[in-house]
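Please consult the sequence and the structure shown here while reading.

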Amino acid sequence: MCVAVQMKQIFKPMALGLTCLLLASCKTTGPAETAIAPTVAIADTIYLGDNIVTMDPAVKDAEGVAVSDGKIIAVGGREEILRHKGPDSDVTELGGKALVPGFIDAHGHVTFQAALLSAVNLSSPPVGKVKNIDDLKSTLKSHIETNKIAKGEWIFGYGYDESLMAEGRHPIRTDLDDVSTDHPIYLLHVSGHLGSANSAALKIGNVEPDTPDPEGGVIRRMADGKTPDGVLEERAQYAVQAKLPTPTPQQALAGLAAVQKLYARYGVTTVQDGAASQPAIDLVRAANAQGLLSLDIVSYFHLRTPEQDLPPAEQFSGYDGRFKLGGVKLVLDGSPQGKTAYLTKPFHIVPAGQKPDYRGYPNYPTDKVNAMVNKVLSHNVPLIAHANGDAMGDELINAVEASHAKGEKGKGRTVMIHAQTAREDQLDRMAKLRMIPSFFSSHVFFWGDYHRDSVLGPVRGSRISPTKSTLDRGMVFTTHNDAPIVPPDMIRLLWATSHRETRSGKILGPEQRVSIYDALKSMTINAAYQNFEEDQKGSIAIGKQADFVVLSENPLNVEPADLLRVKVMKTVSRGKTVFERK
């Protein structure tokens, strides 16, 4: 609905609904009533142009948008919008630029991304510069020497990717011991689902030859079958990760401030913190209380065990300032590129040392998956659940179906996060349950070749992130970058979803392409729907938040193959500019 201005009623527009009028009250003079002339609400900001993409099917040909107090008060024709211009209104003529709704991060880890800003970047191109093990070693050594890291202090790196390094393998403890035996070193794999530690870090984490594999995790071993080789899969990482130093509150708040600038540069106005620990939630709450949030942040509490207590249901009631506890996140299996995702059929090329029928593994047995899903849905809060492999997809769908049969549906709209290998029959079942797949479409570029040639093979690999199959069923789907796994580059995500080009320049599964408009929906109005915010965000419509992105050109007028030339020029969150390209 339209916002109230100076205590007078704002009526919805008549005719085609292209403007919002502020009507003064009528008063009686003698026996007849005389209507006072309508007064138009004055805008703080006005945007005018021929490339306004509202994502609202009711208003497709808008020439202007008027904003007051962080809300959209009018959308329509140029002349109609200029009626809202006052002496202090800021009027922006867009020219050839486009105005689109602010991008919504349908899945990511903002506090994790913030923590990595101070870590050593070991990514391969185009994100980093590491192409082989020697590059990785020299980058770490340079970091230690340049920053004069004292003996005994931790070295933490992230983003290494064995699939893109020349050796085609993970760095192991002996590689990292070559870097330093005086510093504990821990490196996080690009997927976030594996890591590698040197001998000092393994010792601090009490990962010894007689240490058993934890539930839902694997300690990789040397040729003797006992000695840890440094690579830790899934929940086996926790032993070492728990020993990493934590930042001070001041450092954590500074990191959160810096990471918001990163997201804003990519046009993101609403950010997700998926699988957030209680300390991460407390950090965002503290930043919110101090007025340090420039973007909206939606956190999803990480439920790790069926026995763990959930926050009280009333904490999930909506925004407090710019923070919202949006629901609960489960992490049920691993990574396809890390070859730990739980599949129904074996990996195309199994990891070294595994049997030919290796197909990954779940993080939890079936009874625990069922218990956790039912716990969240019976708590009547939104549920999002990481399920990369199709076997894990079966487990999640079965659990949701069983809870629904008991009358436990939560808030509905349960989200399967990543859904990389979702089959056609699974999409049919998800549609009946009103589940939403949120696809990690950026994988098509970053690991599409690897999925086709090594992870899944040509048939399964060609249909990762099956967006067209989902669209054909009339289902709502969203897309995401899963930052910090890959940068929160929304234009690259739009390109990957609509064009599906791999690193090698090949098109992966052209039959799963969708239009640019449908790809744009997945990160605007559909993502708002996933967050139960479709009445507040996701389209340029009267009464919604003034969350916008100004693009260098209209993406709907660009061929999918050329989308990467489109640049974010300006990002506006709740009516305030949070990024502007100089």
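In which sense do strand E24 and strand E25 pair, and over how many bridges? The model is a predicted one. In it, strand E24 (residues 548–551) and strand E25 (residues 568–573) are paired in the antiparallel sense, over 4 bridges. Val-550 has Lys-570 in E25 as its bridge partner.

## The open sheet

These strands belong to an open sheet of 4 strands, ordered E9-E24-E25-E26 with antiparallel pairing. Strand E9 (98–101) and strand E26 (576–580) each have a single partner strand and stand at the edges, so one side of each lacks a neighbour in the sheet. From one strand to the next, the twist averages 25°.

## The nonpolar core

The largest nonpolar core comprises 98 residues, and Phe-103, Leu-256 and Leu-396 are among those with the most contacts inside it. Helix H7 (residues 249–265) gives the most to this core, contributing 7 residues. Beyond its neighbours within four places in sequence, Leu-396 is in contact with residues including Leu-332, Val-373 and Met-435.

## Salt bridges

The structure holds 26 salt bridges. In one of them, Asp-296 joins Lys-537, with the closest N and O atoms 2.8 Å apart. Asp-296 lies in strand E18 (residues 296–302) and Lys-537 in the loop between helix H18 (525–530) and E24, so the pair ties together parts 241 residues apart in sequence. Asp-296 counts as buried at 0% relative accessibility, and Lys-537 is buried with a relative accessible area of 3%.

Glu-533 forms a salt bridge with Lys-324, their closest N and O atoms being 2.7 Å apart; both residues are buried. A network of salt bridges links Asp-296, Arg-322, Lys-324, Glu-533, Lys-537 and Arg-574.

Terms used: Residues are numbered from 1 along each chain as its sequence is written. This is a predicted model: local features need pLDDT of at least 70, side-chain atom pairs count only at pLDDT 80 or more; totals for chains, interfaces and linings use all residues. Side-chain values use heavy atoms; hydrogens and water are left out. Two strands pair if DSSP finds at least two bridges between them. Helices (H or I, at least four residues) and strands (E, at least two) are DSSP runs, numbered from the N terminus. Axes are lines fitted to C-alpha atoms, for helices over the stretch in contact, and angles run from 0 to 180 degrees between N-to-C directions. A nonpolar core is a set of buried Ala, Val, Leu, Ile, Met, Phe, Trp, Tyr and Cys residues joined through side-chain atoms within 4.5 Å. Buried means under 20% relative accessible area, exposed over 50%, partly exposed in between (1.4 Å probe, protein chains only). Contact means heavy atoms within 4.5 Å. A salt bridge is a side-chain nitrogen of Lys or Arg within 4 Å of a carboxyl oxygen of Asp or Glu.
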